[in-house]
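Here are my notes on the two-chain model you passed along. Have it open while you read, and we can go point by point.

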Amino acid sequence: MEVMDNNLVNIIIAVPILGSVLILLLKERDWNKILSSIFVFVSFVLVVVLYYNSFSNNFSFQKEHRTTYLFIDNYAIVMALVSSFISFLIILYSYSYMKSYDRQNEYYFYVTLFIGSMLGLIFSSDLILMYIFWEITSICSWKLISFYKKEQHIFAANKAFLITFLGSAMMLLGISILFADHRTFNLIDLKGRRISDLAMLLIFCGMISKSAQVPFHTWLPEAGVAPTPVTALLHAAVLVKIGVYTFGRIFVFTLLPSPVFQNFVMWLSLLTILFSGLVAYVEKDIKRILAYSTISQIGYIFLGFATNVYIGIIGSIFYIVSHGIAKAGLFLAAGVIEHNTHERDITKLGGLYHTMPITSIAFLLCAMSVIGFPLLSGFFAKFFVVSGIVASGKIFIAVGAILGAVITMLYLLRVYNKVFLGEKKFEVREETKIMLFVIILLGIISIILGIFPQTIINFLVKDSKLI
Amino acid sequence: MNIMIILLIVLPLIIGILIFFLKKLEYLLSIFTSLILFLLSINLLFFENRIVEIKWVSEFGINFVFNADLYSVFSIILATLFVLLISLYSGTKNLFVDNTKKHIYFSLIMINLGIINGIFLSTNLVTFLIFWELAGIVLYLAIRFLAKKDNEIIATKTLYITGFVDFCLLLGIIMLIKISGTVSMRPFNYMLNSPYTITMFIFLVIGALGKVGSLPFHTWIPSAAERVPVPVATYLISVVDKLLGIYLLYKICGEIFLLKPNNGLMIIGLITIISAVFMALVQHDLKKLLSYHAVSQVGYMILGIGSGTVVGLAGGVFHMINNVIYKSCLFLSCGSVESMTGNSDLTDNGGLAKFMPITFITTLISALAISGVPPLNGFFSKWMVYQGVVESFSKTHSLVPILCLIGAMFGSALTLASFLKVVYSIFLSSPLNKNDKSEIKEVSFNMLLPMIFLSVSCIILGVFAFEIPLKQVIYPILSFSNIITKNIFSGSWQPVISTALIISGIFLGVVIYLILSFNKRSRLVKTYLYGEEEKFEGTVLPGTDFYISITEKEPFATIYFLARKKFFDFYNWAIGLVGMISRLLKFLFDRKIFDLYYIGKKIVFVISKFLSSLHRGNLHGYMSWIVIGLAIILLFLLK
C-alpha cells in the first residue's frame with residue numbers, strides 16, 4: 001500500500017509537469033485546453049484516491065523515506081486536493097475566457113506547469129527540491145502575469161518576479177544556514193529541531209514575499225492586470241498559498257520556532273490584516289480590492305499557524321481550503337463582470353443584479369464565505385483561527401482579528417452593493433454557460449463545506465503527526 | 001419526543017423553502033404550519049426529557065445539542081404564537097407594497113421561525129452562535145426584498161450593524177469557551193473581577209444589546225421600520241429581536257455571570273429610554289414613532305436586568321414579554337389603519353374612531369399599557385423594574401440607580417404623552433384634509449382577531465400578574481437558573497383588588513353622572529368669541545403640533561437639529577471613521593516610498609551609478625585604480 005501510494009504521488013506530480021511539455025509542442029488550439037484540463041483532472045482524481053486511501057487505512061507514511069524526497073501526510077493531501085480542484089475549475093473557465101487570444105499553447109503550458117510544480121512543492125520533503133519547485137512557480141507566474149505583453153503587464157510581472165525572487169533568495173540563504181547547523185535538508189530529519197533566529201527570519205521573508213504580506217505585498221495588487229483566470233489561480237490555488245503552506249510545513253509541523261518569533265509573526269499578520277483591509281475599503285478597481293482582500297485573509301492563515309495551538313493550526317488549514325474556494329469564486333465572478341461589461345471600476349458599475357442574477361448570487365455566497373458568515377465554510381475557518389488566538393492567550397490580537405473581520409465585511413459588501421445593486425447602468429447578458437457553471441459551483445461548494453466541515457476537519461484530526 | 005424538538009426547527013425551514021419555490025398557497029401553508037408548531041411547543045412543556053444530541057464537528061465539541069429549558073420553551077411558545085397571529089393577520093392584500101413578493105415574506109418568516117427555535121434550543125454555544133448569525137442574515141434579506149425605497153441601503157446598514165455585533169458575540173463566546181473549558185451553556189456565575197472576564201462580558205453584552213436594538217446599535221430600526229410592510233416590522237423588529245436579545249442578556253447576566261448591580265448596563269438602559277422617547281415625541285409617521293418606542297422600551301428591560309436584583313431580572317423578562325405583546329398590537333393596529341387609508345402619517349389621518357371602533361379600542365388599550373397605566377401589564381413590569389432599581393440602590397448606595405429611577409419614570413410619562421398624540425390625531429381629531437371617508441370601514445376579521453387577542457392579553461397579564469405570568473412563567477424560569485425567587489417584592493401592589501377598585505370607581509362615577517344628569521338639564525351654547533368673527537370653523541389642532549414647541553426651545557432645538565442631521569447616528573460615525581482611516585492609510589503608506597520594489601530599485605541604482613562612475617573609460621582613472629590596488633595588495637603582503 002505504502003509503495004503504491006508513493007508511486008501515486010510521483011504520478012500526481014509527473015503528469016502535469018511532463019504533460020505541459022506536450023501542450024507546448026502541440027499547435028492545435030483545441031487540443032491545448034483539452035489536454036491541459038485532462039492532465040490536471042488526472043492529478044486531481046489521483047489525489048482523491050490518496051485521500052480515500054488515507055481515510056480508510058489510517059496509514060503512516062513517514063517510516064524513514066529518506067531516499068524518496070517526497071512524503072505524504074494529510075496536510076499535504078488536503079492542500080493538493082484544493083489546489084488541483086480549483087485549478088481544474090479555473091482551466092475549465094479559461095476555455096471560454098481565453099478563447100479569443102493567441103498563443104494558447106503557451107498559456108496552457110505555463111498553467112499546467114504551474115500546477116504541476118505546485119503539487120511537487122506540496123509533496124516534497126526536501127528543502128532543495130522544494131526550492132526548485134518554488135522557483136518554477138515564480139517563473140510561471142512571471143510569464144503568465146505578462147501574458148498580454150503590454151508595457152503595464154510586463155512591468156507588473158517584473159515587479160512580482162523581482163519581489164518574490166528577493167524573498168526566495170533570502171530563503172535560500174536561510175536554508176543554507178539551516179544546513180550548516182543541522183547537516184541535512186530533509187524535513188523528516190529536521191523534525192523537532194531548534195533553529196537559529198536569523199535563519200528563521202530569512203526563511204520567513206521568503207514565505208511572506210510569496211504570500212504577499214506586509215511589507216512584501218505590493219506586487220499582488222499590481223498583478224491584477226493578468227488575465228482573470230491567472231489572477232484567480234495566483235490568489236486562490238497556487239501562488240500565494242505556497243507561502244502559508246510552507247510556513248505550516250516548516251515552522252509548525254517540522255521545526256520549533258521560538259515564542260518571540262511567533263509573537264512577531266502574529267503582530268505582523270495582524271498589521272497586514274488591518275492595513276490591507278482598510279486599503280481595500282477605498283480602492284476602486286474590483287481586482288485590486290480582491291487582491292488586498294487576499295493579502296488580508298492570508299494574514300489570518302499566518303495568524304492561526306503562529307498561535308501554535310492545535311485548534312488554530314487546524315483552523316488555518318481549513319482557512320486555506322475555504323479561502324481558496326471562495327476567493328476563486330470571487331475572482332472568477334469579477335472576471336465574468338469584466339468580460340461582459342469591459343469595466344473594472346466599481347463606481348462605474350451598478351445594477352448588475354437584474355441582468356446577471358447567477359453571478360450576483362455566486363459573488364454574494366463567496367463574499368459571505370470570506371467574511372465568515374455561518375453555514376459557509378469561512379465561518380468555521382475564522383472561528384477556529386480566533387479560537388486558537390484566544391487559546392494562546394493573546395486577547396488583543398483576537399480583538400484585532402475580529403476588527404479585521406468587520407472590515408472584511410465592510411469592503412466586500414461595498415463591492416457587492418456598488419456592482420450589483422443600485423441603478424442599472426449596463427445592458428448586458430450573462431455569458432457564458434461554462435463560466436457561470438464554474439462560479440456557481442464554487443459558491444455551492446462553499447455552502448457544502450460550511451455545512452459539512454467535518455469532511456476536512458476529521459481528515460486532518462485523524463493524522464496524529466499534525467499535532 | 002426527540003423528533004418533536006427537531007421538528008420544531010426543521011419543519012418551518014422546510015415549509016419556508018417550499019413556499020419560496022411554490023409561490024402560492026403561502027397563506028394557508030404558514031397558518032397551518034405555525035398552528036402545528038404552536039401545539040408542538042405547548043406539548044413540549046409536558047415532557048421531562050428534552051435533550052437531543054446530533055453529532056457534527058465532534059472533534060472540537062461542536063455538536064447540535066438541543067436542550068429545552070423552561071425559558072426556551074416559553075420563548076418558543078411565544079414565537080410560534082406570534083407567527084400564527086401575524087400569519088393570520090397578513091392574509092389581507094393591501095398590506096404589502098408589492099403583492100408579488102408576498103411569498104418571500106411568508107417564506108422568510110417561516111425560515112426565521114426555524115432559526116430562532118434553533119437559537120432557543122441550542123445549548124451548544126457554537127451552534128447557538130450559528131443560528132444567531134443566520135437570524136441576522138434573514139433580517140437582511142427581509143429588509144432587502146420587502147422594503148420600499150432605499151431598501152438596499154437600509155439592508156446593508158442593518159447587515160453592517162448586526163454583522164459587527166455578531167462578530168463581537170463570536171469573540172465573547174470564544175472567550176467563554178476558553179475560560180470555562182466547555183462548549184455548553186450552563187450557569188457559570190463568573191465574577192467581573194479580572195480584565196479577562198470584563199472583556200468577555202463587554203463583548204457578550206454587545207452581542208445582546210445589538211440584537212435587542214438599544215443605543216448605540218439602534219439606528220437601523222427606525223429607518224427600516226418606516227419602509228418595511230407592517231407585518232415584517234411587527235414580527236422581525238418588535239417580536240424576534242426582543243425575544244432573542246433579552247434571552248441572551250438574561251443568560252449573560254443571570255447565568256454566565258453572577259447576578260450583580262451593573263451601573264454600566266443601567267446607564268445604557270437609561271440613555272436608551274430617554275433619548276428614544278424624545279425622538280418618538282416629535283415623529284409624524286406612526287410606524288417610525290412606534291419603532292422609536294420599540295427602542296425606548298428596551299431601555300426598561302436593560303435597566304431591570306442591569307439592576308442585578310432578582311426582582312429587576314424578573315421584571316426585565318416580564319417587561320420583554322409585555323412589550324412584545326402591546327408593541328405588536330400597536331404595530332398591527334397601525335397596519336390596519338394603513339391598509340384602510342393608505343398611509344400611516346399622523347397628519348393625514350384623523351377621526352377614525354367612528355369608522356374603526358375596534359381598532360381604536362385595541363390601540364387605546366395597548367397605548368395605555370405601553371405608557372404604564374395601571375392595571376395593565378406594562379405598569380406591572382415597569383413597577384417591578386423600578387423596585388429592582390431601588391433595591392440595587394440599597395445594595396450599592398451609588399447615585400446611578402436613583403438617577404435611573406427618575407429618568408425611567410420621566411420616560412414613562414413622555415411615553416404616555418406621545419401616545420396621547422397618536423390616539424388623538426389618528427382616532428379623535430378631525431382630519432386636516434377631508435377626503436372621502438366612505439370607503440373606510442373596520443378591517444376584516446382575520447386582522448381584528450390578533451389585535452383583540454393581544455389587547456385582551458394586555459389586560460389579563462396586568463390584572464392577574466401574580467397568578468398567571470409570574471407564578472407560571474417567570475418564577476419557574478428563574479428557578480431553572482438557580483435563582484431564588486422568594487419574597488422578592490419590597491412594595492405591595494395587588495392588581496386584582498386595584499382593578500376591582502378602579503372598575504368600581506368608574507362605575508360609581510357613571511352612577512353619579514346619571515343621577516346628576518336627571519336633575520340638571522345641560523344646554524349647548526356657542527363658544528363666546530368676544531364678538532369677533534368666527535374664523536376657526538373647520539380648523540383643528542393637529543396632533544402633530546402637540547409637542548412642536550419643545551423642538552423650538554433650547555437646548556432641545558439644537559439636539560433635535562443634530563438628530564435630524566444624523567449626528568447621533570453612531571453607524572455613520574463608525575463608517576466615516578473607517579473611511580477616513582482608510583484614506584489616510586492609503587495616502588500615507590500605499591505609495592512608492594513604502595514600496596519595497598521602488599526602495600530596492602533606488603538602492604540598486606545608487607550603487608550602480610557609483611560603480612559605473614568609476615568606469616568612465618578614462619585611462620588615467622584606470623591607471624590610478626591599478627596603482628592604488630597594487631599599493632593595498634603590497635600593504636597586505638608585507639604585513
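1. In which loop of chain B is Pro216(B) found? Pro216(B) is in the loop between helix 7 (195-212) and helix 8 (220-227) of chain B, where helices (H or I, at least four residues) and strands (E, at least two) are DSSP runs numbered from the N terminus. Pro215(A) sits in the loop between helix 8 (197-210) and helix 9 of chain A. As background, most peptide bonds are trans.

2. Some bookkeeping before going on. This is a predicted model, in which local features need pLDDT of at least 70 and side-chain atom pairs count only at pLDDT 80 or more, while totals for chains, interfaces and linings use all residues. Residues are numbered from 1 along each chain as its sequence is written, chains are lettered from A and ligands numbered from 1 in the order in which they are written, and side-chain values use heavy atoms, with hydrogens and water left out.

3. On confidence: chain A averages a pLDDT (the predictor's confidence in each residue, from 0 to 100) of 87, and 95% of its residues score at least 70. The stretch to watch is residues 60-66 of chain A, where pLDDT stays under 50. For that stretch the model has 13 contacts beyond four places in sequence, a contact being heavy atoms within 4.5 Å. Where pLDDT is low, the predicted coordinates should not be read in detail.

4. Now the interface. Here 45 residues of chain B are in contact with 58 residues of chain A. About 4500 Å² is buried between the two chains, with carbon and sulfur atoms giving 78% of that; buried area is the accessible area (1.4 Å probe) that two parts lose on being put together, summed over both. Phe60(B), Phe167(B) and Tyr597(B) supply 15% of the area that chain B buries against chain A, more than any other three residues.

5. Have a look at Lys159(A). Two salt bridges (a side-chain nitrogen of Lys or Arg within 4 Å of a carboxyl oxygen of Asp or Glu) are counted between chain B and chain A. Asp595(B) forms a salt bridge with Lys159(A), with the closest N and O atoms 2.6 Å apart. Within chain A, Lys159(A) also meets Glu222(A) in a salt bridge, at 3.6 Å from N to O. Lys159(A) lies in helix 6 (residues 151-182) and Glu222(A) in helix 9 (residues 219-222), so this pair ties together parts that are 63 residues apart in sequence. Lys159(A) is buried at a relative accessible area of 1%, whereas Glu222(A) is partly exposed at 23%; buried means under 20% relative accessible area, exposed over 50%, and partly exposed in between (1.4 Å probe, protein chains only).

6. Another charged pair in chain A is Glu338(A) with Arg344(A), a salt bridge at 3.8 Å from N to O. Both Glu338(A) and Arg344(A) are buried. Salt bridges that share partners join Asp285(A), Lys287(A), Glu338(A) and Arg344(A) into one network.

7. Phe247(A) is buried, at 2% relative accessibility. Leaving aside neighbours within four places in sequence, its contacts include Phe204(A), Met207(A), Phe261(A) and Phe302(A).

8. Chain B comes to 22 helices and two strands. Strand 1 (residues 51-57) and strand 2 (residues 62-67) of chain B pair in the antiparallel sense over five bridges; pairing takes at least two DSSP bridges between the strands. These strands form a hairpin with four residues between them, and Gly61(B) in the turn has a positive phi of about 75°. Val52(B) stands opposite Phe66(B) in strand 2 of chain B.

9. Last, two asparagines to check. Phi of Asn308(A) is near 60°, and Asn308(A) lies in the loop between helix 13 (286-307) and helix 14 (310-341) of chain A. Phi of Asn189(B) is near 55°, and Asn189(B) is in the loop between helix 6 (151-180) and helix 7 of chain B. Asn308(A) is partly exposed at 37% relative accessibility, and Asn189(B) is partly exposed at 36%.
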